[in-house]
Amino acid sequence: MATFQRHRRLRRTAWLRDLVREHRVHADDLVYPMFVEEGLADRSPITSMPGIDRFGLDAFRREIVRLSELGLKSIILFGIPLAKDELSSSAYAERGVVQEAIRAAKAENPDLIVMTDVCLCEYNPLGHCGVVHDGKIVNDPSLDLIAKTALSHAAAGADVVAPSDMMDGRVARIRETLDDAGYEDVPILSYAVKYASAFYGPFREAADSAPAFGDRKTYQMDPANAREALREAQADIAEGADMLMVKPALSYLDVTARLRETFALPIATYNVSAEYSMVKAAAANGWIDERAIVLEMMTSFKRAGADIILTYHAPDVLQWLREERG
């Protein structure tokens with residue numbers, strides 16, 4: 001008689017399954033993206049991202065208190081300024097919206113890890129991540145402005161700066177600028193592998209950052225390319241990145257796994273706006289079990305090798321994890 005292995009033995013009870021579980025999602029893994037709007041009196045819902053709001057500073061302070069009580073340990077900030085200009089000057093203004101939000105968050109919870117998205121797209125009227133000359137997004141002239149933005153965030157008290165612009169050489173310029181100003185202890189979480197993805201659609205409403213012309217395919221990566229991701233990551237490590245990010249998350253688990261197998265640095269993945277909104281839309285229609293789907297997604301990110309998960313689901317996940325602990 002042929003013999004076979006009884007794999008089901010270790011699945012027989014919930015406690016046995018817990019005992020042999022290979023990957024777990026923890027509160028420590030989660031980073032919550034937050035949008036702060038200059039001049040907003042309270043909070044404003046983002047229609048394409050149910051449950052996500054833009055916050056004025058006072059409302060933002062109150063939300064930081066609530067999230068801290070829930071157990072959230074990390075956020076990443078995106079700003080929507082009152083004024084935009086060709087040099088994105090609001091991005092690096094001493095009293096800019098992100099800079100003020102950093103101070104506000106730290107005033108409410110000094111232990112909160114405050115990360116900042118470093119980019120120019122929300123701050124110039126053309127909505128591109130670099131300086132535009134004659135209809136082209138130019139690389140080298142953008143680097144100084146991106147580095148100035150990162151420096152202004154560090155000076156305001158940011159714990160981590162995260163450049164998302166995908167200009168070549170920006171990590172090196174930021175590292176040099178921070179070090180020269182005495183912020184050598186501020187780490188860089190590089191959006192090393194950021195694809196030109198259709199999954200960013202709702203974010204562009206949230207951050208008021210849709211490009212006024214063309215697209216971002218000349219600087220963000222082609223979704224068809226995976227080997228290129230390793231080159232991008234290796235370049236950012238050489239330039240001084242402390243952590244690497246893959247964005248989006250769900251459709252790029254293979255890329256996260258490749259980075260995890262190749263590099264020893266902490267790996268983050270960004271569970272982006274459309275990934276969030278599709279789940280919310282399906283749940284609102286009763287087509288899926290939202291909690292089960294989201295927790296399975298979070299586990300898949302961990303299984304692929306992500307150490308850090310940026311997700312709009314973070315408050316819900318924190319609540320569900322707390323309930324599981326009893």
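Where is Cys121 found? Cys121 sits in the loop between E5 and E6. Helices (H or I, at least four residues) and strands (E, at least two) are DSSP runs, numbered from the N terminus. This is a predicted model: local features need pLDDT of at least 70, side-chain atom pairs count only at pLDDT 80 or more, and totals for chains, interfaces and linings use all residues. Residues are numbered from 1 along each chain as its sequence is written, and side-chain values use heavy atoms, with hydrogens and water left out.

**View 1. Three cysteines in a UniProt "binding site" annotation.** The unreviewed UniProt entry gives this label to Cys119, Cys121 and Cys129. The lining of the largest cavity includes Cys119, Cys121 and Cys129. UniProt positions follow the numbering used here, feature names are shortened, and annotations may be inferred rather than shown by experiment. Cys119 lies in the loop between strand E5 (113-118) and strand E6 (131-133). Cys119 counts as buried, at 1% relative accessibility. Cys121 is also buried, with a relative accessible area of 4%. Buried means under 20% relative accessible area, exposed over 50%, partly exposed in between (1.4 Å probe, protein chains only). Leaving aside neighbours within four places in sequence, Cys119 is in contact with Ala91, Cys129, Ser164 and Asp165. Contact means heavy atoms within 4.5 Å. On the same terms, Cys121 touches Gly127, His128, Cys129, Ser209 and Arg216.

**View 2. The cavity.** The count comes to 1 cavity of 30 Å³ or more. The largest cavity has a volume of about 100 Å³. Of the 15 residues that line the largest cavity, the closest to its centre are Cys121, Lys194, Phe203, Arg216 and Lys247. On a 1 Å grid over the protein atoms alone, a cavity is a set of points where a 1.4 Å probe fits but cannot get out; lining residues have an atom within 4 Å of a point.

View 3. Ser273 belongs to helix H9. Ser273 is buried, at 1% relative accessibility. The side chain of Ser273 reaches the backbone nitrogen of Phe203 at 3.0 Å. Tyr312 is placed in the loop between E12 and H11. Tyr312 is buried too, at 3% relative accessibility. A polar contact joins the side chains of Tyr312 and Tyr270 (2.8 Å). Such a contact is a pair of N or O atoms within 3.5 Å; within protein, one must be able to donate a hydrogen and the other to accept it, and residues adjacent in sequence count only if both atoms are side-chain atoms.

**View 4. Helix H10.** Helix H10 (residues 290-304) has 15 residues. From first C-alpha to last, H10 reaches 21 Å, close to the 21 Å expected at 1.5 Å a residue. At the start of H10, a side-chain oxygen of Asp289 comes to within 3.3 Å of the backbone nitrogen of Arg291. The buried residues of H10 include Val294, Leu295, Met298 and Phe301. Among the elements covering the buried residues are strand E1 (30-37), helix H8 (253-262) and helix H11 (314-325). Gly305 follows H10, and its phi is positive, near 120 degrees.

Methods:
Expected span 1.5 Å × (residues − 1). 1 Å grid on protein atoms, 1.4 Å probe; cavity = no way out; pocket = protein on both sides within 12 Å on 5 of 7 lines; lining within 4 Å. Points joined across faces, edges and corners; volume = space filled by probe spheres on them.
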